[in-house]
Amino acid sequence: MSQKSARAQRSNVVRTQRAANLKPFYIGLVVVAIVGIALIAWSAQHSDASRPSIANVAATPLKAQGHLLGNPNAPVQILEFADFGCPHCAEFATITEPDVRKRIVETGLASYRYFDFPLGNFPNSVHASNAAACAGDQNKFWEMHDKLFEGQPDWSDESNPKGVFETYAKALGLDMKAWDACYDSQKHLPEIDADHEEGVRRHVESTPTFVIGTKQIPGAIPYDMLKAYVDTAAMAAKTATPNNSAPAKGKSGTP
Amino acid sequence: MIIAVLALVGALVALYLTLFKVGVIRELVCNVGSCERVNTSRWAMFFGVPVAAWGLATYLALLVLALVPVQRAALERALAWLLVAVSGWSVLFSAWLTSKELFVIHAICIWCVTSATIMTLIFFASLLELARVRRAERAERFDARATVQPAASGGASMPGEPHG
């Protein structure tokens, strides 16, 4: 047998031995993978379970105005508590809300009232609420609302987001002098605080949270679910005795 | 072996963050820092794909590279260089993301920091692996030149075993 073939034979023996020695390593690797995936699955279930659940709530007269869209005398009121900096609110506003406006609000099935509920997790939320309220002075709250949610990543991390808000205000054709003076004066802060208080009074814990009839629903719910709640509330409104607790007057607008 | 273990743990962390990003997991376990703020910022996407998904793909690639059995020394060296290149690029990318967390978003995501640490460890382990492969090659060349008796290979590993 040549020296070369002897060396190759030795290499094969060593390789086979090493492969056998690696068996526990491969088993360990599979165990780590299984344990990791199990932990992730547990976390997914746990995070769902820890979500606030849908609550039955009594009809409570509003103390804050919020921002009204649609017919204030519609048979059903949809209240939304949201934070302009919250990504789930942006998800709802950009994906679901256009359908809600077109098929529920514009058809008169329900009115829609937006309440600022800054959670405190996002540094520019109150500035955004202020920018939207100032646009509301020129009847462009909902247009600014849409721009703020659509462009959320552009301003949410800025140290001074006013520059981005100004581009939105200009694009909406606002009187910039008036908008600028309003923004700097922060004159709408008491209303933003009142909106927040309304949410606190109703035990809102996360955003977005919706109140439809006697249900308080947390999360960016899909259109079909929201419509089902509106239909249920409409049925209840038809059969209920007339309610004399008139809704608070809000700043109405059309998007 | 250590690269494979680190890549697997990194892949699990990236999978966790990816599932959050696509909405399967609603809330991250995040006792330190602000994971949600970081993972919903504009820096959490890269070319329209969640950064966590890029990380998952990279860790899985590293895992495969670390486990693939090779029979030829030249291929072993090429794979070692590939491990160094992929992990080196990923360390630079992680450093860029961490700088965004610190100086732009002003929030730290503990899972992202964990991933950056794992990738850095993989990079150093890959450098060690490359050094080992080159040492083994030198020993083999020396072995081949020996005429009387083949030299003992010492700690050099044989082609055919997993990297790392």
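Me: Is His203(A) buried or exposed?

Reply: His203(A) sits in the loop between helix 9 and strand 5 of chain A. Its phi is positive, about 60 degrees, although the residue is not a glycine. Because 11 other C-beta atoms lie within 10 Å, His203(A) is exposed.

Me: What is the phi of Gln186(A)?

Reply: Gln186(A) belongs to the loop between helix 8 and helix 9 of chain A. With 14 other C-beta atoms within 10 Å, Gln186(A) is partly exposed. Gln186(A) is not a glycine, yet its phi is positive, at about 55 degrees.

Me: Which helices of chain A are included in what covers the buried residues of helix 7?

Reply: Helix 7 of chain A spans residues 162-171, and its buried residues are Val164(A), Phe165(A), Tyr168(A) and Ala169(A). They lie on the same side of the helix because they cover an arc of only 145 degrees around the axis. The cover over these buried residues includes helix 4 (125-136), helix 5 (141-150), helix 6 (152-155) and helix 8 (176-185) of chain A.

Me: Which exposed residues does the face of helix 7 of chain A turned away from its buried side carry?

Reply: The buried side of helix 7 of chain A holds Val164(A), Phe165(A), Tyr168(A) and Ala169(A). The face turned away from that side carries the exposed residues Gly163(A), Lys170(A) and Ala171(A).

Me: Which residue just after helix 7 of chain A takes a positive phi?

Reply: Helix 7 of chain A comprises residues 162-171. Just after this helix, a positive phi of about 75 degrees is taken by Gly173(A).

Me: At what angle do the axes of helix 3 and helix 10 of chain A cross?

Reply: Two packed helices are described by the angle between their axes and the distance between the axes. Helix 3 of chain A covers residues 87-105 and helix 10 of chain A covers residues 223-239. Helix 3 passes helix 10 in a right-handed crossing. Their axes come within 10 Å, and the crossing angle is roughly 35 degrees.

Me: How do the residues of the contact of helix 3 of chain A with helix 10 of chain A divide into nonpolar, polar and charged?

Reply: Helix 3 of chain A contributes Thr96(A), Asp99(A), Val100(A) and Ile104(A), which meet Tyr223(A), Leu226(A), Lys227(A) and Val230(A) of helix 10 of chain A. The residues of this contact divide into five nonpolar, one polar and two charged.

Me: How far is Cys89(A) from Gly219(A) in space, C-alpha to C-alpha?

Reply: Cys89(A) lies in helix 3 of chain A. It counts as buried because it has 28 C-beta neighbours inside 10 Å. Cys89(A) and Gly219(A) are 130 residues apart in sequence, and their C-alpha atoms are separated in space by 8.3 Å.

Me: Which peptide bond is cis, with omega near -5 degrees?

Reply: Leaving aside residues up to four places away in sequence, Cys89(A) touches Ala82(A), Asp83(A), Phe149(A), Thr207(A) and Pro208(A). Pro208(A) is placed in the loop between helix 9 (189-201) and strand 5 (209-212) of chain A. The cis peptide bond, with omega near -5 degrees, runs from Thr207(A) to Pro208(A).

Me: What pattern does chain B follow along the sequence?

Reply: Chain B has five helices and two strands. Of its 164 residues, 37% count as buried. Along the sequence, the pattern of chain B is α-α-β-β-α-α-α.

Me: What distance separates the C-alpha atoms of Val9(B) and Ser115(B)?

Reply: Val9(B) is placed in helix 1 (residues 2-21) of chain B. Because it has 19 C-beta neighbours inside 10 Å, Val9(B) counts as partly exposed. Val9(B) and Ser115(B) are 106 residues apart along the chain, and their C-alpha atoms are separated by 8.8 Å.

Me: Over which residues of chain B is the pLDDT below 50?

Reply: The mean pLDDT of chain B is 83, and 87% of its residues reach 70 or more. A stretch of chain B with pLDDT below 50 has 19 contacts in the model beyond near neighbours in sequence. Where pLDDT is low, the predicted coordinates should not be read in detail. The stretch in question is residues 151-159 of chain B.

Definitions and conventions. Residues are numbered from 1 along each chain as its sequence is written. Chains are lettered from A and ligands numbered from 1 in the order in which they are written. This is a predicted model: local features need pLDDT of at least 70, side-chain atom pairs count only at pLDDT 80 or more; totals for chains, interfaces and linings use all residues. A residue is buried if 20 or more other C-beta atoms lie within 10 Å of its own, exposed if 12 or fewer, and partly exposed in between; C-beta atoms are placed from the backbone. Helices (H or I, at least four residues) and strands (E, at least two) are DSSP runs, numbered from the N terminus. The arc is that of the directions from the helix axis to the C-beta atoms. Two residues are in contact if their C-beta atoms, placed from the backbone, lie within 7 Å. Axes are lines fitted to C-alpha atoms, for helices over the stretch in contact, and angles run from 0 to 180 degrees between N-to-C directions. A crossing is left-handed if the near helix is turned anticlockwise from the far one by less than a right angle, and right-handed if clockwise. Ala, Val, Leu, Ile, Met, Phe, Trp, Tyr, Cys and Pro count as nonpolar, Asp, Glu, Lys and Arg as charged, and the others, Gly among them, as polar. pLDDT is the predictor's confidence in each residue, from 0 to 100.
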